[in-house]
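Student: Hi! Could we go through a few spots in this model together?
Tutor: Happy to, let's bring it up.

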Amino acid sequence: MFESLKKKFSRTSDKLEEELIEEAQEENNLEEESGKKFSFFSFGRKDKKEEEDSKSDVAEIPQEVESIQETDTSDDETSDDKDEKSGFWSFGKKSSDNKEEPQEEEESAEEIQEEEEPKKSHFWSRNKEEVTEESEDADEKTEEKKSRFWSRNKDNDSSEENDEEEEPSGMFSFITAKTISEKHLEDILWELEMGLLEGDVAMEVASAVVDSVKDDLVGRKIKRSNDITEYTYNALRNAVAEIIDIPGKSMTEMIEAKKAQGEPLVVMFVGINGTGKTTTIGKLANYYLKKGYTPVIAAADTFRAGAIEQVNYHADKVGVKLIKHQKGSDPAAVAFDAVEHAKAQGKELVLIDTAGRMQTNTNLMDEMKKIKRVAKPDLVVFVGDALTGNDATQQASKFNEAIDLDGVILTKADADSKGGASLSIGYVIKKPILFLGMGQGYDDIKEYDADWMLNQLFSESGEEVNINEA
């Protein structure tokens, strides 16, 4: 899910890192450092690990890396073997303990010179007895692969490097800490904003994200390249978290509250044609049946040909009562009858289907207002198609102006690679997303969870959480 936004977030981090490293290179303020270069999404994995493991172990990682650097740059007198070259790569050859060194992350294509030799096989995961023999064979066959940062401004004696040198770790540190300024972020944040707009994110949401990231990053002092990635990751994640977390009660909580009063929860569904509104009602009826509630559906779409048959089909499939009148009858009367039936039969939930309508159709919008006056719904829910992106946000805004929405359900969220509607719609109308449609089956609906959404936006492909939660 949301692959487009994930790429844009990751690219923002990469661009900032390139900007600072290139500037530091020109200032002779850059040195290679031992340690593992973290990818943008590796910080998401660290967050999950912190929840499972003790926070103290994770917090010690920067100190451990720093201590390795100090060991690397120390004089020969302080090394364990004065005859061997001190440095990051010598530890793999002379390590005397059983701790496994971190595996070097592969460099991206744009960080590699055009003429690249076959990459030296990694030897960090091999046992202690195999390290010396296999690494010596590899030294004879391959040469060091150079980072593009280290391919520039090299001393003339670079050609005299011996065969024992390994490729750099990809980790860099700044001799004097760098401070992120607005100058560093100007082009990068402009590119981020354009990328968000291309991903169907609403203008005000894109601006809010960019402003939040800027406020978070400007003034940050950077000592290591990994710091850049981590700070950017956290800045983007915090910005998005504020956007998608719109407070509001869940429908389940509201059903329980109404049940305690001896009343059904009445929910009215609105939206334009083709968004999956009627199918969503069938999914919700099935969802709450499995939770032990007894829904009833009102076929208040008496305007469209075949609408009553369609909702009747879904009611039969999931096994709930349908209240219907003849085609062309008053939809408000159908909704009223359904509410009265639920009260008389002690049913906890009324789901009112209404005719799909464009937000510009004045007559149908007036009819929708009449249904609301007669049925007195506890919730008016807009059903939008996530694949329509910013159009869904604009439609929700118009419906909200006309009838005052209480929440949103987005359909086809599982097929939405851009994520613009999911990121924007709640923030723009200031109303919570209640459910996400995640497939074609009746079970393919998920109660919205902002934390789950955040994890989807900041996880690598293949790490997505199971969407089918009953």
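Student: Leaving aside neighbours within four places in sequence, which residues is Val-339 in contact with?
Tutor: Val-339 is in contact with Val-266, Val-350 and Ala-375, where contact means heavy atoms within 4.5 Å. Before we go on, this is a predicted model, where local features need pLDDT of at least 70, side-chain atom pairs count only at pLDDT 80 or more, and totals for chains, interfaces and linings use all residues. Residues are numbered from 1 along each chain as its sequence is written, and side-chain values use heavy atoms, with hydrogens and water left out.

Student: Is Val-339 buried or exposed?
Tutor: Val-339 is buried, at 7% relative accessibility; buried means under 20% relative accessible area, exposed over 50%, and partly exposed in between (1.4 Å probe, protein chains only).

Student: And where is Val-339 found?
Tutor: In helix α13, residues 331–345. Helices (H or I, at least four residues) and strands (E, at least two) are DSSP runs, numbered from the N terminus.

Student: New topic: what does the side chain of Asp-353 make a polar contact with?
Tutor: The side chain of Thr-278, at 3.1 Å. A polar contact is a pair of N or O atoms within 3.5 Å; within protein, one must be able to donate a hydrogen and the other to accept it, and residues adjacent in sequence count only if both atoms are side-chain atoms.

Student: Which strand is Asp-353 in?
Tutor: Strand β7, residues 349–353. Asp-353 is buried too, with a relative accessible area of 1%.
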